[in-house]
Amino acid sequence: RCVAKALERCPSEIFGDMAAGAVFEPAEEAQMHLDLVMCNPTLERLPEDMLCTLQEDLRRLVAASPAGELSQAMPFARFELFQPDRTIVVAQFKVPQALTNFRKAAWRICKAAGVAYPDALWMPHVKLGRLKGMSRGQLNQLRFEGLAESAPETA
């Protein structure tokens with residue numbers, strides 16, 4: 001949250017003159033989360049019985065997972081602009097193998113139900129907010145070294 005506040009105060013203090021006039025709109029805290037599986041629009045049209053089965057399968061996965069393994073700290077990796085929307089600033093994390101395995105199992109359950117997008121390289125991240133008032137060229141030149149003092153400590 002401290003990174004979002006630093007960016008919100010004055011993007012040009014962090015990114016230099018290139019960001020003069022830029023505005024950072026922080027994500028609402030309730031919207032900050034880590035996506036494990038990206039679901040397609042089929043999820044919204046799933047018949048109730050299939051939705052209940054999917055929910056039960058995911059609940060069983062959670063219940064079978066040792067809580068300690070899934071609640072390990074995720075060390076901070078870096079800040080960067082999100083792909084494909086480069087106006088969004090994200091914080092990336094290094095994820096413990098247990099969470100990576102859990103995510104893959106959850107994806108397989110969702111895929112079997114026909115609601116998951118094809119799996120791709122997972123980029124564990126949290127969206128911090130959006131930069132407005134900058135051209136694509138300016139965004140492509142941004143460097144995040146100015147945020148180093150606001151970065152969470154890594155383990």
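The cover over the buried residues of helix H5 includes helix H3 (48–64) and helix H4 (67–70). Here "buried" stands for under 20% relative accessible area, "exposed" for over 50%, and "partly exposed" for what falls in between (1.4 Å probe, protein chains only). Covering goes by contact, that is, heavy atoms within 4.5 Å. The buried set in H5 consists of Ala 98, Leu 99, Phe 102, Arg 103, Ala 106, Trp 107 and Cys 110. The model is a predicted one, so to speak of local features takes a pLDDT of at least 70 and side-chain atom pairs count only at pLDDT 80 or more, while totals for chains, interfaces and linings use all residues. Residue numbers start from 1 along each chain as its sequence is written, and side-chain values use heavy atoms, with hydrogens and water left out.

The expected span of a helix is 1.5 Å times one less than its number of residues. With 16 residues (97–112), H5 should therefore span 22 Å, and its end C-alpha atoms are 23 Å apart, which agrees. After H5 comes Gly 114, with a positive phi near 80°.

Stepping back, the protein chain holds six helices and four strands. Both kinds of element are DSSP runs numbered from the N terminus: helices are H or I runs of at least four residues, and strands are E runs of at least two. Read from the N terminus, the order is α-α-β-α-α-β-β-α-β-α. Of the 155 residues in the chain, 34% count as buried. Among contacts with a separation of 6 or more, 73% come from residues 24 or more positions apart.

Now for the strands, which pair if DSSP finds at least two bridges between them. Strand E4 (125–132) runs antiparallel to strand E1 (residues 23–26), with four bridges joining the two. One of the residues bridged to E4 is Pro 26, whose partner is Gly 129. E4 is also antiparallel to strand E3 (residues 88–93), this time through five bridges, and Ala 91 has Val 126 of E4 as its bridge partner. Five bridges also link E3 to strand E2 (residues 76–81), again antiparallel. Glu 80 sits opposite Val 90 in E3, and a hairpin of six residues carries E2 into E3.

Lys 127 belongs to E4 and, at 34% relative accessibility, counts as partly exposed. Leaving aside residues up to four places away in sequence, Lys 127 touches Ala 27, Met 32, Phe 82, Ile 88, Val 89 and Val 90. Ala 27 is 100 residues from Lys 127 in sequence, yet their C-alpha atoms are 7.0 Å apart. Arg 136, in helix H6 (residues 136–141), counts as exposed because its relative accessibility is 69%.

A pocket is an open set of points on a 1 Å grid over the protein atoms alone, where a 1.4 Å probe fits, with protein on both sides within 12 Å along at least five of seven lines; lining residues have an atom within 4 Å of a point. The lining has 17 residues, with Met 38, Leu 121, Trp 122, Met 123 and His 125 nearest the centre. H5 and E4 are the elements giving two or more residues to this lining. By class, the lining contains eleven nonpolar, two polar and four charged residues. Nonpolar covers Ala, Val, Leu, Ile, Met, Phe, Trp, Tyr, Cys and Pro; charged covers Asp, Glu, Lys and Arg; the others, Gly among them, are polar.
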